[in-house]
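I opened the structure today and kept notes on what I looked up. The entries follow in the order I made them.

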Amino acid sequence: HVQNASAKLRAEAVRLTERRRKRRGRAQGLENMQIQTLDHVKERIVANKYKLFDFWTARDESGHWHITPSAWREGMALYVGEDFPWEWVQESLEVVEPENGLVSYTRFLQRFRVAQVGEEET
């Protein structure tokens, strides 16, 4: 009986190890997808920087270069693409200022520009 129980424990340990490995693989795949999504978003921001600025300026009611998070998402959906999870992107890029709950769109746009890296433009 002891041998049988030991074999069952080994088999269960193998199953658990395999399950953990699969979970890690899925988590790594998700992380890679998130990185690729953010990279694509950043490229589209650079390509549409002036359109985003004009859009957000028109919605800047205070004239202090700040907009609501929903106005930020609206501009991003319009000029970067509707198919992105904008609330997640907003959180990932930390665009909302915790002090006032608004987005400094000029500060946000300054974060993104064309840069030469090696022989490839990014």
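Entry 1, the core. I am working from a predicted model. I looked up the largest nonpolar core and found 22 residues in it. The members that touch the most others are Ile45, Trp56, Trp72, Met76, Trp86 and Phe108. I then checked where the core residues come from: helix 1 (2-47), helix 2, helix 3 (69-79), helix 4 and helix 5 (105-110) each give two or more. Helix 3 supplies the largest share, four residues.

I listed the contacts of Trp86, leaving out residues up to four places away in sequence. Trp86 touches Val41, Trp72, Arg73, Met76, Ala77, Val80 and Gly81.

Which residues of helix 2 (residues 49-58) are buried? I found Leu52, Phe55 and Trp56. Viewed down the helix axis, these buried residues fall within an arc of 90°, so they line one face of helix 2. I noted the general rule that an α-helix has 3.6 residues a turn, so residues three or four places apart point the same way. On the other side of helix 2, I found Tyr50, Asp54 and Ala58 exposed.

Glu94 counts as exposed because its relative accessibility is 65%, and the cut-off for exposed is over 50%.

Technical notes:
Residues are numbered from 1 along each chain as its sequence is written. This is a predicted model: local features need pLDDT of at least 70, side-chain atom pairs count only at pLDDT 80 or more; totals for chains, interfaces and linings use all residues. Side-chain values use heavy atoms; hydrogens and water are left out. Buried means under 20% relative accessible area, exposed over 50%, partly exposed in between (1.4 Å probe, protein chains only). The arc is that of the directions from the helix axis to the C-beta atoms. A nonpolar core is a set of buried Ala, Val, Leu, Ile, Met, Phe, Trp, Tyr and Cys residues joined through side-chain atoms within 4.5 Å. Contact means heavy atoms within 4.5 Å.
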